[in-house]
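Colleague: Hey, I've just opened this one and I'm new to it. Can you walk me through it?

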Amino acid sequence: TVPPEEVNLVEIGQKWKSKVLRGPTVQNVTEKKKKYILSMFPYPSGSLHIGHLRVYTITDALNRFYKLNGYQVLHPMGWDAFGLPAENAAIERQIGPASWTQQNIAKMKQQLNSMLANFDWDREVTTCSPDYYKFTQKIFLELHKHGLAYQKDAEINWDPVDQTVLANEQVDSQGRSWRSGAVVEKRKLKQWFLGITKFAHSLQKDLQLLDEWPQNVKTMQKNWIGESYGTEVKFPLSQKDSGQITVFTTRVETVFSVQYIALATKHPLVEKAALSDPGLKNFLKHAESLPEDSKEGYLLNSIHAQHPLLSASKKEVPVFVAPYVLSTYGHGAVMGCPAHDQRDFTFWKHNMPKIEMRPTVVPKNDSPAALRELPYVGKSGVINCPGSDFDGMDTQVASQAIATALEQKGMGKATVTYKLRDWLISRQRFWGAPIPIIHCDDCGSVPVPEQDLPVRLPAVGSLAGKGSSLKTMHEFVNTTCPSCGSPAKRETDTMDTFMDSSWYFFRYTDPKNTEKPFGFDVASKNLPVDLYIGGIEHAILHLLYSRFISKFLASVGKWGDKLGNGEPFKKLVTQGMVHGRTLIDPETGRFLKSDEVTSIEGDDLIIKATGQKPSVAYEKMSKSKYNGADPDLCIQTHGADATRAHILFQAPISEILSWDEAKIVGVERWLHKVIKLTRKSAIKDSAVNDMKAPTASDHEICFFNDVQKLLKSITFSFTESLSLNTVVSDYMKLTNLIENAHHSKLINSTLLTKSLKILITSMYPITPTVAEEAFSILSGSKSNGWNLYVWPEAEAIKESELVNYQVVINGKMRFTHNAATSFINDKDSAIKTLLSSKDGQKYLSGKSIKRVIMRNKVISFVVN
Ligand code: ANZ
Ligand code: ZN
């Protein structure tokens, strides 16, 4: 209704931008109260997308909130700048990856400024800069010194598109590369690994300390680490002194039902047997194309195993090769119990259909004869193995007793197994931190001496082509051995970029340190990170690697937290994705560009060409669906404050945000209202000398209480629930409350102005330029010691005897009116008040009043 040119949010944004970017000037910062607020640093791809905008708006709002509350806030920003996309883009554009990366960083920094993010730019880190990767290399050498970085021949995942190996964590369940999407090939190569499995137990156990992490992330990590308690059992081979097969089992009480042993195709005994068994050789070839749940098997004629606990007559156990046995889990060997395990059951039926199964665990309270349904996989039961020492025992007792018996015979022991493998960090690509090792024919792999760090990447104008690696750069490769001085060769693999990002949050605490990655005191003071925000896609990868490196660094005394568990992130929030409005032609199923539709009455859309309504859906943004949103454009059109508030208002931070720019009008209207209300109050403030009696009226008490309740709710949302969408809706409620009070003329102007100031200060974290503008308007007349950068403390709720009167007009309940119990004592004055209230005007103006009845809490009008 008011012409929009009256309030120009874009102009207000520009006017206050530089001041707001510097952040609030806070006087009473206490050393004791610290907050480390961190967002996962971006990959400098060249442009900020709307998902980035969402995360940085969240952290910036919290950053400003805590600063206003006197906290020393660490809110840094940096760049995860090594990696394949930069390398590929540089090859395409015929420029060096370093300069391409620098260009992108400059552009994205400008975008971060236009969204008004107040970062500690003096702490900026860039992982591809030599003064950063020097210390990535140092940490690698520290791991090496402790035996946690080693080279070994391994069957690895090879990405044929990106021409590099990948860590297990970077291959999805379909066997595809997380980045290129290519089907990963298996190759045997000598590679560098980090000993993350040495930390497997504490990585698993300490998940339970992370009570401020989302449960789903913890569950994913737990499953990935896969800690499993069980027993190692040895089955000697029949031919004397020819060795034994070790299996891992979690169900040792089923040991008497073992009817076969199955070996993984990569088991050393299998590889040996294949040398003299052409049938096996063929099977192994065939097995390469079999799925992991295949029931096929190959019976080995040359090997027979012996049961470690059974009498001589039942001792012999056949040995199979089976693709369902994983070579990388346990010992790559399984004791097959067809009667008690589903997979073993299926395998047995397929390969040995004629031989009966041998159940030895019986459901409780059941006779052995009742055991017809196989496999029986229940865990509570009784051992049914006549002649053994364990016959009749409860399974729980039996499993202990059997493990002890095996141990006494030297045929087994209790053990823990993990699914987690060591972290493969070698990459055969150029754009990464070189692994600081020199290979010498005489001395082996020699660490680069500390004073020679960093091992610099050669400065290249442009890269030759895909798969170009340090291997081809002879000046880099050829060097001398630091140990004996003879000619030697540098390691040409670079590190996985997840190594760069596994410690950057330490570097932020001490970014200018030239001696070491970071100082003990400053890191210990600032870590753990109080709040870490990032994408769920890192639930395993980055978050697991960071926990590992942090625990390692703590274990070698590089930092220490109060709890002593080396956990880097106290609270974790995974922000929801931003989905874009996707328009589809219902006839053809084609995705429509936004200029192919036009809006008609009531915001409805029609397709220009056909006049039909498009189908509308919200989906992951992608170029092919024309559903992307450009943050720059949104900020240019609506201003940064409206954009920030809109982003937060539309969805709780952990949930999917369906981005619809058109809906931003709601937030815009509210911000206009705030500015106009402030202007009106400023005039009133200077004109009216406050002559009100010091005792507040019931209306004023009620209004005061409502303001305090909203302020409490806003504070709670920032500190406890992080429901920033509620914060914005509370702002709106508070604005309306003040506006109505302003119109009602029932609230004295001191209280009104005070409440308006509460609103303006509390808006500062999310809409800082509007807050600055409103502050300057109001303090022009009288600031009365009001400091925009001090968070208002909610005051105690005041007692009042207010009643919520129901106003009924011609028998219909129309509105409620809050007033004192004494309100209806003076009937005439009550009617007058009601007629002049906003609702009263709406329902009663122009009507002639026949009768008014006031009884209890109901005021009844009869009108014409
Ligand atoms: C005998 C048995 C009897 C088993 C029974 C289970 C049930 P989790 O819990 O995941 O650790 N296993 C051991 N090594 C394996 C490998 N390399 N590939 C495939 N399977 C393997 O699983 C442990 C169980 O998985 C082990 O316990 C073993 O089968 C199987 F009624 O041993 B069990
Ligand atoms: Zn040497």
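Predicted model: local features only at pLDDT ≥ 70, side-chain atom pairs only at ≥ 80, totals over all residues.

Colleague: Okay, how many helices and strands does the chain have?

Modeller: There are 25 helices and 35 strands. The C-alpha trace spans about 110 × 75 × 65 Å along its principal axes.

Colleague: And what share of the residues count as buried?

Modeller: 40% of the 864 residues do. As for contacts with a separation of 6 or more, 70% of them come from residues 24 or more positions apart.

Colleague: How is the chain divided into domains?

Modeller: Domain 1 is made of two stretches, 37-128 and 501-574. Domain 2 also has two, 136-198 and 422-498. Then you have domain 3 at 229-417, domain 4 at 579-662 and domain 5 at 802-863. Between the C-alpha centres of domain 2 and domain 3 there are 40 Å.

Colleague: Which residues are closest to ligand 1?

Modeller: Ser-228, Thr-249, Gly-330, His-340 and Asp-341, out of 18 residues that surround the ligand.

Colleague: I clicked on Ser-257. Where does it lie?

Modeller: Ser-257 is in the loop between β9 and β10 (260-263).

Colleague: Switching topic: what does helix α20 reach from its first C-alpha to its last?

Modeller: Helix α20 covers residues 698-721 and reaches 32 Å, close to the 34 Å expected.

Colleague: Which of the residues of α20 are buried?

Modeller: They include Phe-703, Val-707, Leu-710, Leu-711, Ile-714 and Phe-718. An α-helix has 3.6 residues a turn, so residues three or four places apart point the same way.

Colleague: And what covers the buried residues of α20?

Modeller: The cover includes helices α2 (50-68), α21 (724-744) and α22 (749-763), along with strands β32 (802-809) and β33 (812-820).

Colleague: What follows α20?

Modeller: Leu-722 does, with a positive phi near 50 degrees. Leu-722 sits in the loop between α20 and α21, and counts as buried because 20 C-beta neighbours lie inside 10 Å.

Colleague: Back to β32 and β33. How many bridges join them?

Modeller: Eight, and the two strands run antiparallel. Leu-802 stands opposite Ala-820 there. The pair forms a hairpin with two residues between the strands, and Asn-810 in the turn has a positive phi of about 45 degrees.

Colleague: In what sense do β32 and β35 pair?

Modeller: Parallel, over four bridges, with β35 being residues 858-863. Val-807 has Ile-859 in β35 as its bridge partner.

Colleague: Last one: where are the cis peptide bonds you'd point me to?

Modeller: One joins Leu-453 and Pro-454, with omega about 0 degrees. Pro-454 is in the loop between β20 (444-447) and α12 (474-477). Another joins Leu-527 and Pro-528, also with omega about 0 degrees. You'll find Pro-528 in the loop between α15 (520-526) and β24 (529-534).

Note on methods. Residues numbered from 1 in each chain as written. Chains lettered and ligands numbered in written order. Buried ≥ 20, exposed ≤ 12 C-beta atoms within 10 Å, placed from the backbone. Contact = placed C-beta atoms within 7 Å. Near = placed C-beta within 6 Å. Expected span 1.5 Å × (residues − 1). Pairing = 2+ DSSP bridges. Domains from an automatic or database assignment.
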